[in-house]
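Hello,

Here is the structure you asked about. Have a look at it first, then read my notes below.

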Amino acid sequence: MKKADIVIGIILILLSLFFLKEALNFPESHTGLNPGTFPIIAFCGIIFLSIVLIVRALLKEKPKVLKFTKKEFKVLILSIVSLILFVVSINYIGFLYASTILLFLISLIAGVKPWFKAIIFSFIVSFLMYYLFGKVFLVIFPKPIWPLPYPF
Amino acid sequence: MEISLLEGFKLIFQPNMLFYLIAGTMVGIIVGAIPGLSASTGIILFLPIAYKMPAAEAFIVMLGIYGGSMFGGSIPAILIRTPGTPSAGATVLDGYPLVQKGKAGLALGTSAIASSIGSLLSTIALVIIAPQLAKMALKFGPPEFFALVVFGLTAIATVTGEDILKGFISAFIGLFLATIGLDPIMGYTRFSFGSLYLESGIPLLPVMIGVFAIAQVFRDLLGEEKGQIIERNVVRVIPPKEEMKGIILAALFGSLVGIIIGIIPGIGGSVATYVAYGQYKRISKKGKQFGEGVLEGIAVPEASNNATTSGALIPLLTLGVPGDIVTAVLLGILVLFGLRPGPLLFREQPEFINEIFASMFVIAFLILIFGLISAKYSPKLLTIPKKYLTPIVLIFCIIGAYSLNSSLYDVEIAILFGVLGYFMEKFGFSVTPLLISMILCPIAEGELGRTLLISRGDWSVLFTRPISLIFLVLSVVFVCYAFKGRKEQK
């Protein structure tokens, strides 16, 4: 955790300085509470505490070991990519297909085997969800702009 | 006709009225249990049916949905770490650790009992002391609101997790995130970088869904919490006698906070839960164990969020001032039905007021009955193998984030904060201070701005008004007390 704390501290300080520069240019109000007051308090707080975090990490003798294996990293990246794919594709193929694909990918990552079981599971769940929320609770889901068959 | 609770019970104990009350409460519990469907959404979804009903019947169904959803929100908060409603955010803190200990039934049972106590006590407050308390709340100006919110923010000192330094960094990040969007006084756009979405700020519910639920999905996919005990057959939902005293005391405290905060317009259930949780953590003997899975940690927020329901009805009915989003919707509905909320409603429609008073009592008992029944059966959700449950939870989260505003932007926010929440906890940063800051800081900024507008930039007004001064002094005392407690703990 020692290295991580130092890296996080530096990232937080750099980001805070970037936003602080913008906050310092906000207009002033005659009341003394400017649009920049609360953000400036936030950035000063983050910068000060991050410096303390870095100093503490440098002085710490026994850092807590942070485990992050290659396999875990792969699972995390695949999950995030699946979610990004869902957000990007939903406007083109609609909620039903996008959620089926997302469910399929996530169930594979979660360990559903064999793949056709994952397909059946994804279809059933996404159809049920679509019916429950779209038809019973009247949530208006994005529809496909591509000419795809849509059940409801 | 005069205002009489007995008259109200006579009107309520008719088969059709009881049916509406039961149906409303059950729908409320289900709506609350579905992440993303809040009480206000449930009531709005019910509107097309309500138009076809007489005003009193429609209104009591809505009250049932309101009360039921406050309890219902705790079911997914406890079982899958997903607050069903924003008011159930604090319930996650002790609810989920209890599930991991194999005490899902007891956690849900405690939630049902505390919710019922909260509803019952706040209804008594509504009936007996409504006009007096509403008069007092009317005297609250921006300085008092600001001081009250500062008092709420002191809760951060007790929920920073193991690492107090990282907890405070998290709180400051929350403060920054809360300032994105329009400045409440001058209307100046901050940190939006030209995005119309960012101009309206970062929506709270998707953030909560992200940092609590989606982050949990990542942890489940990575198999980080293998030691979870699943209570397949719930044997016990009612807590043992020796724990009951503590739970009732915690529920009484939560109810009191919930009633007071419910009455004050514009604050609402989610603030009440965090304020009550933070303060009770300080005074309770089990305070140090809060967050690790204690039943009192569920009783406090659940009693307080249910207590805000009747509390919020006090200014709504007596002054026509809505206390939170739901009562704002209810206000609109009353007007639609041709009723005028305010002191005149008590004089012109006493039977309507009587029905509301009596039905709130019945709802408190219905929450207990349906709550205990659902406590027995809803943990069966967890018997679904995790490899199937995790994708289902993820899709629920996405729909929950989307359905509030039918906006994909909210889904993106939930996913982004899911990733952020996962990494924050991985690196030892508690996400709770971030959330408390995000909820309370915008209110604090708005109220401070209004205070300084009225006082023409004179800050001393915060210390010269007695109620404001009391809250500020209490805040300092509690922060010192929290730090002292931590030192002793070490």
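**What I found**

Setting aside neighbours within four places in sequence, B:Thr451 is in contact with B:Pro142, B:Pro143, B:Val461 and B:Leu462. Contact means heavy atoms within 4.5 Å. This is a predicted model: local features need pLDDT of at least 70, side-chain atom pairs count only at pLDDT 80 or more, and totals for chains, interfaces and linings use all residues. Residues are numbered from 1 along each chain as its sequence is written, chains are lettered from A and ligands numbered from 1 in the order in which they are written, and side-chain values use heavy atoms, with hydrogens and water left out.

Stay with B:Thr451. It sits in helix 20 (residues 432-454) of chain B. Helices (H or I, at least four residues) and strands (E, at least two) are DSSP runs, numbered from the N terminus. B:Thr451 counts as buried because its relative accessibility is 2%. Buried means under 20% relative accessible area, exposed over 50%, and partly exposed in between (1.4 Å probe, protein chains only). The B:Thr451 side chain reaches the backbone oxygen of B:Pro142 at 3.5 Å. B:Glu144 is 307 residues from B:Thr451 in sequence, yet 9.0 Å away in space, C-alpha to C-alpha.

Now chain B as a whole. It has 22 helices and 2 strands. Of its 490 residues, 64% count as buried. Take the contacts between residues at least 6 apart in sequence: 80% join residues at least 24 apart.

Next, the core. The largest nonpolar core has 200 residues. Such a core is a set of buried Ala, Val, Leu, Ile, Met, Phe, Trp, Tyr and Cys residues joined through side-chain atoms within 4.5 Å. A:Phe86, A:Phe133, B:Ile43, B:Leu177, B:Leu313 and B:Leu330 touch the most other members. Helix 3 (residues 70-110) of chain A gives the most to this core, with 14 residues. Beyond four places in sequence, the contacts of B:Ile43 include B:Met62, B:Tyr66 and B:Leu330.

Finally, some backbone details. A cis peptide bond joins A:Lys113 and A:Pro114, with omega about -10°. A:Pro114 is in the loop between helix 3 and helix 4 of chain A. B:Phe191 is not a glycine, but has a positive phi of about 50°. It lies in the loop between strand 2 (189-190) and helix 10 (196-199) of chain B. B:Phe191 counts as buried because its relative accessibility is 1%. B:Phe193 is found in the loop between strand 2 and helix 10 of chain B, and its phi is also positive, near 50°.

Best wishes

How values were computed. Polar contact = N/O pair within 3.5 Å; in protein donor to acceptor, adjacent residues only side chain to side chain.
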